[in-house]
Structures are given as C-alpha cells and as structure tokens.
Amino acid sequence: MNRYLTLPVLLAVLTSLSLPARADRYSVPKHAAFEEECGSCHLAYPPQMLDAHSWLHVMNGLAHHFGTDASLDDKRRVAITDFLAQNAGGRKTGVTADAAGRPLLRITETARFVKKHREVSAATFKRASIKSPANCAACHRQAAAGDYSEHSINIPK
Amino acid sequence: MRHILIIATLLGATGALAETPRDFLARFEKEAGASASVARGASFFTARQGGEWSCASCHTERPTQPGRHAKTDKAIQPLAPAANGERFTNVAKVDKWFRRNCNDTLNRLCSAQEKADVMAWLLSLK
C-alpha cells in the first residue's frame, strides 16, 4: 500500500517546491521593434519589471540613456512606448518609484530587484564574467525566454 | 491603373531598402566632396576620439570578428561586410547607428568624410 502512495506524495511535494520558482517567470510578449531596438545593446528586459510611469520616463530620455545615445525615430519610439506601457508592471513589481515618488529608471533599483539579489555581493556583480547587475543573462541563463527561476541560475566565477 | 500604381510603389519601396555597403561609401564620399581614405578610417575607428570609448571598444580592432558591448557585455555581430552580409544594407539602420555611436564616441555627429573613411576601411577588411 505504502509503495503506491509514495510516488504521488513525492510528486506533490516536488510540485509544491517548484512553485516559488514559477513565480519568477515572465511571459515575454512579442514585439518586433521592441526586441530589435532594446535588444541590440542589452537583454530586452521584460516590460513587467518597471511600471508604466517609469517606462514613460525611460523612453522620453533615450538620447541620454545611462550614458549612451539610444535615440529612436518618433514613430518607433511611440510604438515601443505604447507596448511597454501596455505590458508594464503588475502585482509582483508594484510601484517603481523612489521614496520621493520619482519614477525609477533602473530595474536594478526597484524594490523587487534589490530584495531578490540581497545575497549577491557588489563584488560578484563586478566580476569580469558579469560586469554589471544589468547583465541578467550572465547568471540567469534563460533570461531571454523570461525565465528568472532559481533553477536556471548559474553564477559564473 | 490602381494596380500599376501599387506595383510601382512596391518596387520603389524595395529599391529604397536594398542598399549595399558600396552605396554608402559612394553616398558619404559625395556628401564629403572628397574621396575616402582607408588609413584614416582605420585610425579613426581604433583610437579614442575624445569620448570614453572608441568604435573598437565594442566592435574590436578587427571588426570581421564579433564584438561585445563595452558596458552591457551583449554580443555584437561582426561589423565588416565581408563577415556579415546584413551590415550596411538599410539606410535607416545605418543613419541611426552612426548618429548614436558618433554621439557616444565623439560627443558629436560624424562628418561625411569620417563616415566615408570608416566605410572604406570596413570594406577593405577581408
């Protein structure tokens, strides 16, 4: 009798263990201009990682985008801004603003990012194999597919 | 009549998109009113021009090879046409990247002569 119960129980336990990991998967909506323009220089970060207000500010400052000129023609800029706003934020992300209410422009400064990476030291982020906390795919090997689950993390030396 | 107009428009649109790297060299030389220099292009590309980065910081000093974004580490496909047939085949893309990357490396736009020189050097790489 016990032998027949073991497998389903084991499966149930394993399934429940994998649930928290599933919470770190983002559906990556398809948008050709977004993928081409944002994905040329860095991972096309899931739009859900900032709220709409933050994205509007990012997209209004592309000529000075974290030290580089990432300017776009108006048609593409408006199309990508609309796409980001429509897919922005969500329950996990909440409001992405600083204490004074100003919209955060860096995903790495959002409360969720900070909380999720509290065990990763500044020195680790600076490793030659990682370079910057903005380089998601250095450790989250399936980041391009929106998979940030614990199972897919492999921090390089 | 309407069909002829549609076909003509389509042909016109495809014609405008299908550029070759040599078309860009010719365009920049014409805008500069002078011929390009491979040697000037090589030194322009590989040396810093006042900014924090040179072209080679991301594209490498031998752009038949893939590069990496100096800040984000994202892989960059080879820039030289001999190694990557997609490069310099679209006006909007070429203008966009010269605008952005000249601002990043020179803190200003590139002159037509500078673009012609870089094109000549990139086309010389095998």
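Which residue with a positive phi follows α5(B)? That residue is Asn107(B), with phi near 60°. This is a predicted two-chain model: local features need pLDDT of at least 70, side-chain atom pairs count only at pLDDT 80 or more, and totals for chains, interfaces and linings use all residues. As for labels, residues are numbered from 1 along each chain as its sequence is written, while chains are lettered from A and ligands numbered from 1 in the order in which they are written.

**Confidence**

- For the complex, the predictor reports an ipTM of 0.81 and a pTM of 0.82.
- Chain A has a mean pLDDT of 89, with 85% of its residues at 70 or more; pLDDT is the predictor's confidence in each residue, from 0 to 100.
- (Two residues are in contact if their C-beta atoms, placed from the backbone, lie within 7 Å.)
- Chain B averages 90, and 86% of its residues score at least 70.
- Where pLDDT is low, the predicted coordinates should not be read in detail.

**Chain A**

- Chain A has 6 helices and 0 strands, where helices (H or I, at least four residues) and strands (E, at least two) are DSSP runs, numbered from the N terminus.
- Of the 157 residues in chain A, 18% are buried. (Buried means 20 or more other C-beta atoms within 10 Å of a residue's own, exposed means 12 or fewer, and partly exposed is in between, with C-beta atoms placed from the backbone.)
- Among chain A contacts between residues at least 6 apart in sequence, 63% link residues at least 24 apart.
- Helices α2 (residues 32–39) and α4 (residues 74–87) of chain A pack at about 105°, their axes 9 Å apart. (Axes are lines fitted to C-alpha atoms, for helices over the stretch in contact, and angles run from 0 to 180 degrees between N-to-C directions.)
- α2(A) and α4(A) are therefore roughly perpendicular to each other; angles under 35 degrees count as roughly parallel, over 145 as roughly antiparallel, 65 to 115 as roughly perpendicular and the rest as oblique.
- On the α2(A) side are Ala33(A), Phe34(A) and Glu37(A), which meet Arg76(A), Ala79(A), Ile80(A) and Phe83(A) of α4(A).
- By class, this contact has 5 nonpolar, no polar and 2 charged residues. (Ala, Val, Leu, Ile, Met, Phe, Trp, Tyr, Cys and Pro count as nonpolar, Asp, Glu, Lys and Arg as charged, and the others, Gly among them, as polar.)
- Tyr45(A) sits in the loop between α2 and α3 of chain A and is partly exposed, with 18 other C-beta atoms within 10 Å.
- Tyr45(A) and Gly146(A) are 101 residues apart in sequence, yet their C-alpha atoms are 8.4 Å apart.

**Chain B**

- Chain B has 6 helices and 2 strands, running α-α-α-α-β-β-α-α along the sequence.
- Of the 126 residues in chain B, 29% are buried.
- Helix α5 (residues 91–106) of chain B has 16 residues and spans 22 Å from first C-alpha to last, close to the 22 Å expected at 1.5 Å a residue. (The expected span is 1.5 Å times one less than the number of residues.)
- Buried residues in α5(B) are Val94(B), Arg100(B), Cys102(B), Asp104(B) and Thr105(B), and they pack against α2 (21–32) of chain B.
- α6(B) is largely enclosed by the rest of the structure, because 10 of its 13 residues are buried.
- The cover over those buried α6(B) residues includes α2, α3 and α5 of chain B.
- Helix α3 (residues 38–46) and helix α6 (residues 112–124) of chain B pack at about 100°, with axes 7 Å apart. That makes α3(B) roughly perpendicular to α6(B).
- The α3(B)–α6(B) contact has 7 nonpolar, 2 polar and 3 charged residues.

**Between the chains**

- At the interface, 10 residues of chain A contact 9 residues of chain B.
- The chain A side has 3 nonpolar, 5 polar and 2 charged residues.
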